[in-house]
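Here is a short report on one protein chain. Keep the sequence and the 3D view side by side as you read.

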Amino acid sequence: IRAAWKMVDPRPEGPSRNALLKVVARLAFAAALCGATQLAEQMAKRAAASPDLGPRVWSDLTKQLLALQAAPPASLNPGDAAGLGATCAPETLQAKLKVLEGVDEVVTAFLKLQDVDGVHHCAKIAWNAGKYVEPSLMIDEHCSDLSDGVVHRDDRQVAVVLLAATVPKTPDRVPESPSAC
């Protein structure tokens with residue numbers, strides 16, 4: 001990834017005049033997915049300086065992914081005697097909710113850009129950030145992380161929630177149930 005960065009941005013520390021910051025932004029996201037945190041942060045910072053909205057939004061998405069990866073691990077606390085079930089540790093919950101709020105802003109920008117790939121990655125990050133945050137969406141044997149490319153019933157439920165949050169509230173545009181997807 002570092003070699004690819006040098007090909008599209010010959011002087012990462014210098015002016016960005018000849019740099020392909022759109023590619024740098026996507027490389028930053030790829031580096032974050034690969035776990036190269038420091039490299040991803042450097043490239044995201046570089047892409048954030050772009051005069052164009054696209055690279056800046058991909059940079060923001062990379063930062064949200066890095067924040068999710070840095071969140072404390074989800075360790076479930078046993079439920080109380082009233083039978084309310086397990087709850088997420090407060091520090092994990094706060095970190096994941098902050099990521100969800102950030103992804104909400106990023107997905108709005110991707111919708112403005114009509115960047116389907118960006119919206120897709122926002123949905124995946126929101127799904128992973130939402131694990132252990134909303135237990136009603138988690139059904140063990142039917143849950144997937146959206147990485148297999150197959151749409152499962154629970155994936156459609158999450159999609160409905162994401163659509164309801166981002167699409168204008170008109171009865172003909174927002175399906176009322178996951179089976180309508």
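Start just after α2. There, Gly-35 takes a positive phi of about 90 degrees. Helices and strands here are DSSP runs, numbered from the N terminus: helices are H or I with at least four residues, and strands are E with at least two.

This is a predicted model, so local features need pLDDT of at least 70, side-chain atom pairs count only at pLDDT 80 or more, and totals for chains, interfaces and linings use all residues. Residues are numbered from 1 along each chain as its sequence is written, and side-chain values use heavy atoms, with hydrogens and water left out.

**The whole chain**

The protein chain has seven helices and two strands. Along the sequence they follow the pattern α-α-α-α-β-β-α-α-α. The chain has 181 residues, and 34% of them count as buried. Buried means under 20% relative accessible area, exposed means over 50%, and partly exposed lies in between (1.4 Å probe, protein chains only). Now take contacts, meaning heavy atoms within 4.5 Å. Among contacts with a separation of 6 or more, 52% join residues 24 or more positions apart.

**Helix α2**

Helix α2 covers residues 21-34, which is 14 residues. At 1.5 Å a residue it should span 20 Å, and its end C-alpha atoms are 20 Å apart, so the two values agree. The expected span is 1.5 Å times one less than the number of residues. Which residues of α2 are buried? They are Leu-21, Val-24, Ala-25, Leu-27, Ala-28, Phe-29, Ala-31 and Ala-32. The cover over these buried residues includes α1 (2-8), α3 (37-48), α4 (53-70) and α6 (116-130).

**Two helix pairs**

Two packed helices are described by the angle between their axes and the distance between the axes. Axes are lines fitted to C-alpha atoms, for helices over the stretch in contact, and angles run from 0 to 180 degrees between N-to-C directions.

| Pair | Angle | Axis distance |
|---|---|---|
| α4 and α5 | about 160 degrees | 9 Å |
| α5 and α6 | roughly 165 degrees | within 9 Å |

The angle of about 160 degrees between α4 and α5 makes α4 roughly antiparallel to α5. Angles over 145 degrees count as roughly antiparallel, under 35 as roughly parallel, 65 to 115 as roughly perpendicular and the rest as oblique. α4 passes α5 in a left-handed crossing. Left-handed means that the near helix is turned anticlockwise from the far one by less than a right angle; clockwise is right-handed. The contact of α4 with α5 has 12 nonpolar, three polar and four charged residues. Ala, Val, Leu, Ile, Met, Phe, Trp, Tyr, Cys and Pro count as nonpolar, Asp, Glu, Lys and Arg as charged, and the others, Gly among them, as polar. Residues meeting here include Trp-58 and Leu-61 in α4, and Val-103 and Phe-110 in α5.

α5 and α6 are also roughly antiparallel to each other. Their crossing is left-handed. This contact divides into 12 nonpolar, three polar and one charged residue. Among the residues that meet are Leu-100 and Val-107 in α5, and Cys-122 and Ile-125 in α6.

**Two loop residues**

Gln-114 sits in the loop between α5 and α6. Is Gln-114 buried or exposed? At 69% relative accessibility, Gln-114 counts as exposed. Its phi is near 55 degrees, a positive value in a residue other than glycine.

Lys-131 lies in the loop between α6 and α7 (153-166). Lys-131 is partly exposed, with a relative accessible area of 23%. Lys-131 and Leu-93 are 38 residues apart along the chain, with their C-alpha atoms separated by 9.8 Å.
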